[in-house]
Amino acid sequence: MEQYYIDDFGPKYSDLPMEILVKIFGYLNPGDRFAVGLTCKRWLEATQYQHFINDVCLNFYKTHFNDTTNPVLYLLKSFRSFQNVCFTQVDFNETEQFFSRFGLHIHELSFKACDIREKTFICMLMMVPNLRTLRVEGCRELLMSGRLFEPGPDQQILASTLENVTRLSLGFNRFLSDALFKRIVLLMPNLEDLDLTSCSISFHKGLYRKFYPGRPDDASENVLTFYYISQFIERQAHKLKKLNFSSTLIDGDALEVLAGFKLLNLESFDLNSCDQLTNPGITALAQAKTTLQYLDFSKSVRFTDSCLHKICHHLPNLVSLKVRRCRALTDLGIVEIVRLEKLQVLDISECESVTGQGIIKGIASKLNPTLLELYVSALNLCESSVTKIAECFPSLRVLDLSYCFHSVSDLCLQMIFKNLIWLRHLNLDCCDKISDSAMTGVGMLQKVQDFETNKTTVAQSVTPSSSASDEIDQMPPVPSRPSTSNISEEPFKISIRSKAEQEIVNDALRKRAMMEICQQNEFHKDDASTGYSIDRLKGLRVLRLSQCNKLSDISLMYAFKLKELKEISLAKCQQISGVGIKSLVQNCPSLEVVDLSECHNVNDKAIEMIAIHLRRLQILSLERCFQLSDFSLDYIAIHCKALRSLDVRGCRNMCAEPNLRLVNVPTLRTVHMSKPGPYVGEPGYFVKKPPPPPMPKRI
């Protein structure tokens with residue numbers, strides 16, 4: 001019998017039964033699961049469970065693919081198998097050994113903007129008999145000749161290999177024709193998902209007579225028409241579940257044609273950036289296809305309140321609705337969304353005419369535990385609407401409040417931290433009213449209690465939120481230091497500072513006072529003045545705080561204790577320095593994406609702390625961090641073994657070719673750097689002007 005030994009620290013976790021390990025690892029995200037697999041052989045074996053492999057994708061990016069060279073040569077020696085393989089901007093040479101080794105296990109195969117020949121492509125497909133998903137996007141050279149899949153000796157093998165393909169994407173292919181489309185879909189009789197994003201499809205009926213003058217059954221070699229696509233959709237209607245015509249010229253007449261196919265029971269329909277849609281076409285689609293669950297009308301300028309009204313009345317089973325940047329929408333249409341009781345994803349961002357009152361009277365008029373993702377970026381919201389969102393959607397996993405300049409206050413953030421504890425993604429870009437008080441909860445408890453007591457009054461009369469300076473002034477005084485108000489009230493004291501200089505001094509004093517309060521709260525956890533901190537969101541993985549200028553190192557030191565955090569953006573947060581960065585990297589060890597662009601107080605020491613502590617770091621943005629030098633590049637080269645992308649544009653104290661100092665980073669693929677000469681930022685970025693000429697001297 002096998003014996004298990006228990007040392008002073010208890011039993012070995014590696015000896016747990018495999019079923020328990022698989023159950024535990026099922027709660028981890030793919031990044032954490034990959035790190036767990038590096039612990040021991042038994043845990044690595046547990047991470048190779050079939051269900052976990054489905055989340056792993058083998059991605060080849062901007063490389064030359066050849067069986068006799070790396071990285072393919074290393075993979076051929078591996079014992080692992082890969083179900084999902086993606087090629088992006090790859091040119092191919094010899095592929096037989098790789099696909100004969102892994103082809104039997106591949107279920108999804110993607111080619112994006114690849115340079116590939118027809119013969120090589122066909123040989124690949126012949127060695128993947130279990131293929132379920134095929135994506136051929138932007139492969140110009142493959143389709144340019146129009147001879148792909150022409151009748152030949154390999155036709156029968158291809159037919160048996162591609163018989164089980166259910167998802168096909170042919171997006172971004174301008175050389176796709178009716179004849180080529182016919183040959184492709186004939187090899188895949190079980191298609192359920194068809195994606196034709198950004199394809200040059202002709203919807204004009206006049207072209208039918210030109211390209212199909214006498215024999216309409218013959219597919220044209222010169223043009224891709226909706227006439228021929230609709231014939232395929234009608235034949236395949238009993239199996240098709242998803243269609244994607246995003247970024248095409250599809251119009252209302254085409255929607256009415258699709259609505260007329262009685263056997264077509266669509267579940268998902270994407271019409272992103274389709275400017276030719278009409279009200280009658282959308283109405284006909286909503287009335288006929290009541291099985292629809294996922295709809296995307298983002299950036300469709302002709303989508304109106306009437307269209308949304310019809311959708312909300314005729315599609316009760318809708319799970320996802322995206323109408324981002326549909327500028328014709330108003331509060332009259334948004335109010336109707338409350339009828340969609342099964343809705344889980346809602347995107348109404350950048351709809352200029354939608355206000356906070358539309359949200360209060362509509363989706364936030366009652367408790368909704370079903371909604372999981374809400375995107376309300378760049379809307380004309382009010383403080384009451386944001387607090388209602390925090391109260392009415394307790395199950396939210398994703399919340400986007402970016403560019404809501406005047407609506408997201410410290411009180412709103414406190415209500416979010418109190419009620420939305422399941423958040424995984426929080427976007428607060430350009431919400432410049434947020435201060436350290438909101439992040440730490442210092443001095444906010446009384447305000448939260450007053451708001452809950454007078455909830456009805458606050459909902460009726462929206463008052464401007466107090467600034468960060470007022471909130472700090474209302475905090476309890478620190479016994480060891482006189483309050484800042486007494487400093488300014490001393491008699492017979494005249495300040496010769498300018499208004500801007502005085503504000504800087506006051507900010508420094510308030511920051512110092514708040515630092516002392518936070519230090520006291522470290523020893524007194526039950527402080528009556530402390531509200532809700534961001535560390536209540538234990539499962540938060542993405543946090544975006546770009547251009548929140550009132551945030552300082554205090555938030556990073558005393559609030560950001562998020563073990564699950566994967567991505568953080570602090571771009572243009574001018575008060576962030578190395579002191580806060582040190583606490584951030586120690587309290588958030590799982591960070592993989594960090595954006596510190598235009599944080600002018602970040603120095604080489606801060607980058608050293610990032611490089612040493614963030615072992616999983618993959619993307620690092622340091623654009624226009626003027627204090628950084630070549631020492632930062634050396635720290636990155638020594639410690640960042642998983643880095644993939646680095647942005648050092650505008651770091652003028654670095655050498656002209658920073659990529660040469662990073663040749664030892666094996667995973668680094670992209671280095672964004674300034675061209676030789678003075679740095680010129682992108683449109684909208686601040687560019688430093690040369691100093692003015694000296695004033696002439698008086699004679």
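Buried, for a residue, means under 20% relative accessible area, exposed means over 50%, and partly exposed is in between, with a 1.4 Å probe and protein chains only. Take Lys-299: at 35% relative accessibility, Lys-299 counts as partly exposed. Lys-299 sits in the loop between strand 13 (294-296) and helix 15 (305-314). Helices (H or I, at least four residues) and strands (E, at least two) are DSSP runs, numbered from the N terminus. Phi of Lys-299 is near 65 degrees, a positive value in a residue other than glycine.

Before I go on, two notes on the source. This is a predicted model, where local features need pLDDT of at least 70 and side-chain atom pairs count only at pLDDT 80 or more, while totals for chains, interfaces and linings use all residues. Residues are numbered from 1 along each chain as its sequence is written, and side-chain values use heavy atoms, with hydrogens and water left out.

Now the overall picture. The chain has 699 residues, and 47% of them count as buried. Its secondary structure comes to 29 helices and 24 strands. Contact means heavy atoms within 4.5 Å. Of the contacts in the chain with a separation of 6 or more, 78% are between residues 24 or more positions apart.

Next, the aromatic rings. Rings of Phe, Tyr and Trp (its six-membered ring) pair if their centres lie within 6.5 Å; planes under 30 degrees apart count as stacked, over 60 as edge-to-face and the rest as tilted. How many aromatic pairs does a search of the whole structure find? The search finds 23. One of them joins Phe-60 and Phe-98, edge-to-face, at 5.9 Å centre to centre and with 85 degrees between the planes. Phe-60 is in strand 1 (residues 57-61) and Phe-98 is in helix 6 (residues 96-102), so this pair links distant parts of the chain, 38 residues apart. Both of these residues, Phe-60 and Phe-98, are buried.

Phe-98 has another partner. The ring centres of Phe-65 and Phe-98 are 5.2 Å apart and their planes are at 90 degrees, so that pair is edge-to-face. Phe-65 lies in strand 2 (residues 64-65) and Phe-98 in helix 6, so the pair ties together parts that are 33 residues apart in sequence. Phe-65 is buried. Ring pairs also link a cluster whose members include Phe-60, Phe-65, Phe-98, Phe-121 and Phe-149.

Ser-100 is in helix 6, and at 52% relative accessibility Ser-100 counts as exposed. The C-alpha atoms of Ser-100 and Met-124, 24 residues apart along the chain, are separated by 8.9 Å.

Two rings have an arginine over the face. A charge sits over a ring if NZ of Lys or CZ of Arg is within 6 Å of the ring centre and within 35 degrees of the ring normal. Arg-33 lies over Phe-52, at 4.3 Å from the ring centre. Arg-652 lies over Phe-626, at 3.9 Å from the ring centre.

Now helix 28. Which residues of helix 28 are buried? They are Asp-604, Ala-606, Ile-607, Glu-608, Met-609, Ile-610 and Ala-611. That makes helix 28 (residues 604-613) mostly covered, with seven of its 10 residues buried. Those buried residues pack against helix 27 (578-587) and helix 29 (630-639).

At 0% relative accessibility, Ile-607 counts as buried. Leaving out residues up to four places away in sequence, Ile-607 touches Val-602, Leu-622, Leu-628, Ser-632 and Ile-636. Its C-alpha atom and that of Gly-578, 29 residues apart along the chain, are separated by 8.3 Å.

Last, two points on the backbone. The peptide bond from Asn-70 to Pro-71 is cis, with omega near 5 degrees. Pro-71 is found in the loop between strand 2 and helix 5 (72-76). Phe-172 has a positive phi of about 60 degrees, although it is not a glycine. Phe-172 lies in the loop between strand 7 (167-169) and helix 10 (178-186). Is Phe-172 buried or exposed? At 52% relative accessibility, Phe-172 counts as exposed.
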